[in-house]
Amino acid sequence: MKHNFKNLNIWKLSIELADEIYAITESFPKNEEFGLRSQIRRCTVSVASNIAEGSSRTSQKDFNRFLEISLGSLYELQTQIIISSTRNYIEQSKFELIENKITELQRMISGFQKTLKW
């Protein structure tokens with residue numbers, strides 16, 4: 001059973017998160033252009049992309065595998081955001097908002113996985 005990824009709340013939230021991540025990382029130091037900023041952006045793009053790609057799979061088991069990859073990218077993103085905060089690249093208030101959104105999306109994806117029958 002295929003899902004229309006554009007209708008999935010987990011995909012919508014991942015796109016919203018990506019947009020916020022791009023905005024926040026604009027202010028990162030120039031020396032992080034090909035380092036932490038680039039890695040953070042790749043992670044956030046990976047989350048939405050894997051949800052979309054997985055939704056095209058005909059088996060729920062395959063879709064679940066892509067959701068696992070999305071979760072892995074979220075945990076990687078969370079770690080990189082913590083490092084960025086420690087380096088004072090992100091204001092504390094923005095860090096808290098982003099970390100809360102990451103945690104919410106982690107919960108939502110995990111909950112969605114439980115609805116898949118395989």
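Let's start with one side chain: Arg57 counts as partly exposed, at 27% relative accessibility. Keep in mind that this is a predicted model. Arg57 has a partner, Glu53, and the two form a salt bridge whose closest N and O atoms are 3.0 Å apart. Glu53 is partly exposed as well, with a relative accessible area of 37%. Elsewhere, salt bridges with shared partners join Glu16, Glu20 and Lys101 into one network.

Read along the sequence, the pattern is α-α-α-α, with four helices and zero strands. The radius of gyration is 15 Å, close to the 13 Å that the globule rule gives for 118 residues, so the chain is as compact as a globular protein of that length. Its C-alpha trace spans about 45 × 25 × 20 Å along the principal axes. Of the 118 residues, 47% are buried.

Now back to the network. Side chains of opposite charge can pair when their charged atoms come close. What does Glu16 pair with? Its side chain meets that of Lys101 in a salt bridge, at 2.3 Å from N to O. Glu16 sits in helix 1 (residues 9-25) and Lys101 in helix 4 (residues 92-115), so this pair ties together parts that are 85 residues apart in sequence.

Lys101 also meets the side chain of Glu20 in a salt bridge, here at 2.7 Å from N to O. Again the pair links distant parts of the chain, with Lys101 in helix 4 and Glu20 in helix 1, 81 residues apart.

Is Lys101 buried or exposed? Lys101 counts as buried because its relative accessibility is 13%, and the cut-off for buried is under 20%. Its two partners are another story: Glu16 is partly exposed at 39% relative accessible area, and Glu20 is partly exposed at 26%.

The pairs described here are among the five salt bridges that the structure holds. For the charges as a whole, the chain has 16 positive and 14 negative ones, and their mean positions are 7 Å apart. As for the surface, the chain exposes about 6,700 Å², and carbon and sulfur atoms supply 52% of that area.

Note on methods: Residues numbered from 1 in each chain as written. Predicted model: local features only at pLDDT ≥ 70, side-chain atom pairs only at ≥ 80, totals over all residues. Heavy atoms only, no water. Salt bridge = Lys/Arg side-chain N within 4 Å of Asp/Glu carboxyl O. Helix = DSSP H or I, 4+ residues; strand = E, 2+ residues; numbered from the N terminus. Buried < 20%, exposed > 50% of the residue type's maximum accessible area, 1.4 Å probe, protein only. Rg over C-alpha atoms; globule rule 2.2 N^0.38 Å. Areas by Shrake-Rupley, 256 points an atom, 1.4 Å probe, with all protein chains shown as cover. Lys, Arg positive; Asp, Glu negative; His and termini not counted. Charge placed at Lys NZ, Arg CZ, Asp CG, Glu CD.
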